[in-house]
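Subject: Structure handover

Hello,

Here is the structure for your files. My notes on it come after the model.

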Amino acid sequence: MKRGLFKSSMIYGITLLMVCFQGRIVAKTNSSVWLSSLDLSKMTTGWGKAQADKSITQQKLSIGGVTYEKGVGSHAPSVMHIKLNKGTTRFTSFVGVDDDTEHPNASVVFKIYADNKAVFNSGVMKASDAPKKVDIDLKGAKRLILIVNAAGDGISYDHADWAMAKFEVSGTKPVAVGPPAEKEYILTPKPKPAPKINGPKVFGTRPGNPFIYRIPATGKRPMTFSAENLPPSMSLDVNSGIITGHSPAKRGDYKITLNAKNASGTDSRPFKLVVGDTLALTPPMGWNSWYIHYHRVTDADMRAAADAMIDSGMADYGYMYVNIDDCWSKKKNDTPYRDECEAILPNAKFPDMYALTDYIHSKGLRAGIYTSPGPWNCAGYVGSFQHEQIDAQLFAEWGFDFLKYDWCSYGGHAVDRSRYEYVKPYALMGEILRNVSRDMVYNLCQYGMDSVWQWGADVDGNCWRTTGDLGLMSSYLEVGLSNARHYEYAKPGRWNDPDYILIGWVGNAHAQGEGVKTKLTPSQQYQYMSMWSLMAAPLIFSGDMTKLDDFTLNVLCNHEVIDINQDPLGKQGRIVEQTDEYFIMTKDLEDGSKAVGIFNTSEVELSINVAWKTLDIQGTQTVRDVWRQKDIGTFSKEYQTNVPRRGVSFVRISQ
Ligand code: GLA
């Protein structure tokens with residue numbers, strides 16, 4: 001080449017480069033970006049942490065005997081959102097289960113969405129399967145979602161590799177981001193000014209015991225209340241709507257009608273008092289101190305919670321239990337633990353238990369307390385070991401209406417791991433509570449050991465925790481789906497308990513610090529509350545009662561949602577259809593209608609179809625959106641609806 005020509009072509013080249021640069025197409029010179037070079041902290045994993053260029057257990061990446069230098073080792077369930085901004089043209093990878101697991105349970109499905117459209121599905125892949133190739137055209141795409149799910153058989157050994165995963169980039173580089181932000185959206189309509197009586201329609205009590213019940217009603221105050229057929233052993237305060245007195249001495253059903261009246265109108269609601277042996281004929285509703293106050297809990301916190309239950313309006317929807325969790329008794333070095341008569345002593349933060357329950361009762365609410373069958377409660381405070389009778393009697397005398405009985409340190413005193421030993425401490429307390437002269441809802445807490453749902457009713461438990469602590473587990477969905485399996489055991493007075501509702505301002509159970517605003521999206525919070533309602537789970541909120549915002553209250557206080565939870569038939573909803581992307585849960589209701597939750601567990605909005613066949617119904621049905629409290633229309637064979645990412649469509653279907 002002649003020198004001059006070289007020079008001019010160089011000048012020409014630079015000019016072209018500059019033109020291109022100014023026209024912002026310089027990156028047309030394609031480059032590759034490895035997935036492993038992105039911020040992998042944005043990739044969620046069901047176990048461990050996503051690894052760059054290694055398997056999840058930090059071995060060389062290997063699928064079906066083929067090893068790879070580059071890629072990302074992950075673990076199902078895993079999700080990663082990547083912003084592409086139309087700068088990426090292609091994504092290629094090999095996918096499969098890493099060879100560091102040979103377990104037969106290792107099975108996963110890889111899925112990819114580009115701008116909310118499914119663009120790849122590996123089908124189920126098991127350990128030792130040959131790698132599958134991914135090659136996706138991404139021209140013009142703005143967002144990519146990489147997903148690995150557990151293929152429906154649990155997450156054990158689900159080590160999943162994105163081997164040699166890379167992007168061809170011609171513009172802006174891909175960036176790992178969080179899931180799309182979601183604005184709070186309020187679905188629950190504001191209560192009307194006219195009275196509306198809420199809460200349970202059936203209520204269990206034992207003969208002759210003290211009774212307190214505040215008629216839950218929304219509507220403008222002042223409001224006046226009356227009750228037809230109120231047993232003579234009870235009286236109603238006309239202005240507050242608080243019923244006090246004693247349950248009738250005679251067993252039987254007492255059919256009371258509650259009435260409320262204000263300047264805008266009137267309302268009535270049946271209230272059947274069942275005087276017998278079983279309490280909590282509908283799932284208990286209230287608040288518990290654990291997930292916000294932990295070891296800091298004080299008498300003042302409990303009073304503030306009771307105040308807030310009234311002032312926020314929660315009590316107008318049926319929330320009534322104000323429950324102290326652990327940390328009210330003495331700690332190891334704070335002797336004496338008991339007085340000279342062996343009566344347990346509260347610590348300095350609870351100067352007067354009588355005064356505390358009086359305060360809670362003065363508002364028409366009920367009070368709850370906590371102890372363990374072991375010598376020490378889970379947080380190291382004194383428990384009731386070998387003092388069961390004296391403690392329960394004192395709790396009743398103090399005026400508590402609810403007891404959470406938490407296994408904690410009892411393990412060291414159980415002779416072996418037989419059912420007899422698991423049942424023993426709970427049977428003992430059940431027997432004692434049956435005979436104290438106060439209705440105390442009995443909440444078994446032993447994390448589901450020895451299938452407590454099979455025997456919780458035999459020890460007179462009203463509700464039993466079916467899993468470990470929700471606050472220590474990966475999500476409400478994991479806990480909820482586990483709890484859902486035991487639907488056959490729930491019935492009036494006997495409820496599976498998947499733990500508290502952790503929304504609003506709530507503490508982190510690991511750190512036990514002050515509360516922070518929940519990280520759950522608004523749609524997830526609707527899922528949570530819908531699922532708990534369908535499962536007839538106790539509705540016990542455990543966030544900050546002094547920081548209840550409009551959104552949190554809209555989730556906690558929707559009377560149509562709560563009516564489904566409190567339905568007198570007392571059935572727990574069951575899952576009738578489940579895929580990796582959604583599940584449908586349905587609950588039979590007393591009036592013959594069905595509550596149906598259509599839960600989207602995927603990363604994108606889905607259109608989901610519910611066939612009447614799946615619900616075991618026929619003919620024309622009216623579908624009502626319970627969150628919005630609005631009829632959607634009539635349908636004759638099926639109902640199809642768009643459900644937001646990780647959201648729910650909650651409907652009531654009736655003929
Ligand atoms: C256990 C229970 C929790 C809570 C703590 C208190 O972990 O499962 O609900 O009561 O103890 O220490």
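Predicted model: local features only at pLDDT ≥ 70, side-chain atom pairs only at ≥ 80, totals over all residues.

Residues are numbered from 1 along each chain as its sequence is written, and side-chain values use heavy atoms, with hydrogens and water left out.

Whole chain

The C-alpha atoms of the protein chain fill a box of roughly 115 × 60 × 45 Å along the principal axes. The chain is divided into domain 1 (31-177), domain 2 (196-275), domain 3 (285-572) and domain 4 (575-654); these bounds come from an automatic or database domain assignment. Between the centres of domain 1 and domain 3, taken over C-alpha atoms, there are 41 Å.

The secondary structure comes to twelve helices and 40 strands. Helices (H or I, at least four residues) and strands (E, at least two) are DSSP runs, numbered from the N terminus.

Of the 655 residues in the protein chain, 55% are buried. Buried means under 20% relative accessible area, exposed means over 50%, and partly exposed is in between (1.4 Å probe, protein chains only). The chain exposes about 27400 Å², and carbon and sulfur atoms supply 52% of that. Accessible areas come from the Shrake-Rupley method with a 1.4 Å probe; for residues, only the protein chains shown count as cover. Among contacts (heavy atoms within 4.5 Å) with a separation of 6 or more, 73% are between residues 24 or more positions apart.

Ligand

Around the ligand are W290, D325, D326, Y370, C378, A379, K404, D406, C445, Y447, R465 and D469. By class, this shell has six nonpolar, no polar and six charged residues. Ala, Val, Leu, Ile, Met, Phe, Trp, Tyr, Cys and Pro count as nonpolar, Asp, Glu, Lys and Arg as charged, and the others, Gly among them, as polar.

- D325: an N or O atom of its side chain is 2.6 Å from an oxygen atom of the ligand.
- D406: a polar side-chain atom is 3.0 Å from a ligand oxygen.
- R465: a polar side-chain atom is 3.2 Å from a ligand oxygen.

Taken alone, the ligand exposes 300 Å², and the protein buries 93% of that.

Helix α8

Helix α8 (residues 476-484) is mostly covered, with seven of its nine residues buried. The buried ones are Y476, L477, V479, G480, S482, N483 and A484. Their cover includes β29 (495-497), α9 (522-534), β33 (574-578) and β34 (582-588).

Two loop residues

R206 lies in the loop between β15 (202-205) and β16 (210-214). R206 is buried, with a relative accessible area of 9%. Beyond residues up to four places away in sequence, R206 touches S247, V275, G276, D277, L279, L433, R434, D439 and D460. The side chain of R206 reaches the backbone oxygen of D277 at 3.0 Å.

S128 sits in the loop between β9 (117-126) and β10 (132-137). S128 is exposed, at a relative accessible area of 55%. Apart from neighbours within four places in sequence, S128 is in contact with G64 and D99. S128 and H103 are 25 residues apart in sequence and 9.6 Å apart in space, C-alpha to C-alpha.

Regards

Terms used
Near = heavy atom within 4 Å. Polar contact = N/O pair within 3.5 Å; in protein donor to acceptor, adjacent residues only side chain to side chain.
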